[in-house]
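Good morning, and thank you for making time for this item. Please have the sequence and the structure in view.

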Amino acid sequence: MKKLPANVSADVWTGRTDHTQRRSSFRYHQIVENIELEQLTKYHAPTCAIVGFECEEGVRRNQGRLGAAKAPNAIRQALASLPWKLAEQQQLIDVGNVSCLDDALEKAQEELGQAVATLFSKSVTPIILGGGHETLYGHYIGVRAHIGKDATLGIINIDAHFDLRSYETQPSSGTMFRQILEQDHNSHYFVLGIQRFGNTQELFDKADELGVRYVYEEDMSDARMSEIASELNEFIERHDYVMLTLCTDVLNAAFAPGVSAPSPFGLSPATVRSLIRTVAAHKKTLSFDICEVNPVLDENGRTVKLGAYLTNEAIMGFLGGYSDDTST
């Protein structure tokens, strides 16, 4: 039996087994390969790598409700029994979790960045399971280390909130995008699902000052999704590389009650799925993270399960699972 990577218990990747040899019957837990990060060699086939970020210190600093640090293993467990729909050459690995010890958020973000950069160096696509949305900053550190300081980076965020608060006192789960935009003029920010009454006017003013592109939640109707997809593709084409982040509090609270800041008027799962498919399937998109799933606040595991399904959408998009049919 392979040694499990850091902080992933033996019962996480288990689930229903319909057949032990017929690949068309396989599920995630029969496909995933657990590997210590230090043991990785370069991959030549299309491969996604899961890395968790067991951290909620940024949420605590942002005065949010705690519990998101338990999400990485919970999402893994929900992924475990999902059917695997890809061919044999397309692979999935798990390199374990980066954990935030005590209140050392900045150190943990650096460690996550190093892990993400290592995954890129092995030619695999990072799939990061947060954690609070402070996960994004560690994700960004790894992406920027990989692409260099001169490449243009488009950051696409599916979120109800701008997360552009001041970090003068200390960084939190509400400051990351301001940190990036004020310190890295080759990065640009597009956020979809913004709640008109989920952000103060000061944050809207800061978004305009920093040149943030955003779409209100109320403007993301089914009738507009084709237009929004065109806007996304135009934004992607203006950059050398793109990274994608999902804050699950963008979802309607009826579907995602287990988040720190539920959104009564949030997006539907189908809308978020469509956005993920559009972005993850693009050749310029490098990586994906999902944040703010909170198993402690969840009802009957609904948010965790939805988070797993949306993570699956990203993995399928990166590995070409929808190359023949992107309409469903």
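This is a predicted model: local features need pLDDT of at least 70, side-chain atom pairs count only at pLDDT 80 or more; totals for chains, interfaces and linings use all residues.

Let me begin with strand E2 (residues 47–54), which runs parallel to E3 and is joined to it by seven bridges. Residues are numbered from 1 along each chain as its sequence is written, and side-chain values use heavy atoms, with hydrogens and water left out.

As for terms, helices (H or I, at least four residues) and strands (E, at least two) are DSSP runs, numbered from the N terminus. Two strands pair if DSSP finds at least two bridges between them.

Strand E3 itself covers residues 91–99, and eight of its nine residues are buried; buried means under 20% relative accessible area, exposed over 50%, and partly exposed in between, with a 1.4 Å probe and protein chains only. E3 also pairs in the parallel sense with strand E1 (residues 33–34), over two bridges. There, Glu-33 faces Ile-93 of E3.

What is the order of the strands in the whole sheet? The sheet is open and has nine strands, in the order E1-E3-E2-E4-E9-E8-E5-E6-E7, with parallel pairing. E1 and strand E7 (213–216) are at the edges with a single partner strand each, so one side of each has no neighbour in the sheet. Elsewhere in the sheet, E8 runs parallel to strand E9 (residues 285–291), and five bridges join them. Leu-244 has Phe-288 in E9 as its bridge partner.

I turn now to the helices. Helix H3 (residues 71–79) is mostly covered, with seven of its nine residues buried. Those buried residues are Ala-71, Pro-72, Asn-73, Ala-74, Ile-75, Arg-76 and Leu-79. They pack against helix H1 (28–31), E2, E3, strand E4 (125–130), E9 and H10, where contact means heavy atoms within 4.5 Å.

How do H3 and H10 pack? Their axes are 8 Å apart, at an angle of about 70 degrees. Axes here are lines fitted to C-alpha atoms, for helices over the stretch in contact, and angles run from 0 to 180 degrees between N-to-C directions. The two helices are therefore roughly perpendicular, given that angles under 35 degrees count as roughly parallel, over 145 as roughly antiparallel, 65 to 115 as roughly perpendicular and the rest as oblique. From H3, Ala-74, Ile-75, Ala-78 and Leu-79 meet Val-304, Lys-305, Ala-308, Thr-311 and Asn-312 of H10.

H10 (residues 302–318) is likewise mostly covered, with 14 of its 17 residues buried. Just after H10, Gly-320 takes a positive phi of about 85 degrees.

Finally, consider Ala-256, in the loop between strand E8 (241–247) and helix H9 (269–280). Is Ala-256 buried or exposed? Ala-256 counts as buried because its relative accessibility is 0%. Leaving aside residues up to four places away in sequence, Ala-256 touches Thr-248, Leu-251, Thr-303 and Leu-306. From Ser-99, Ala-256 is 157 residues away in sequence and 24 Å away in space, C-alpha to C-alpha.
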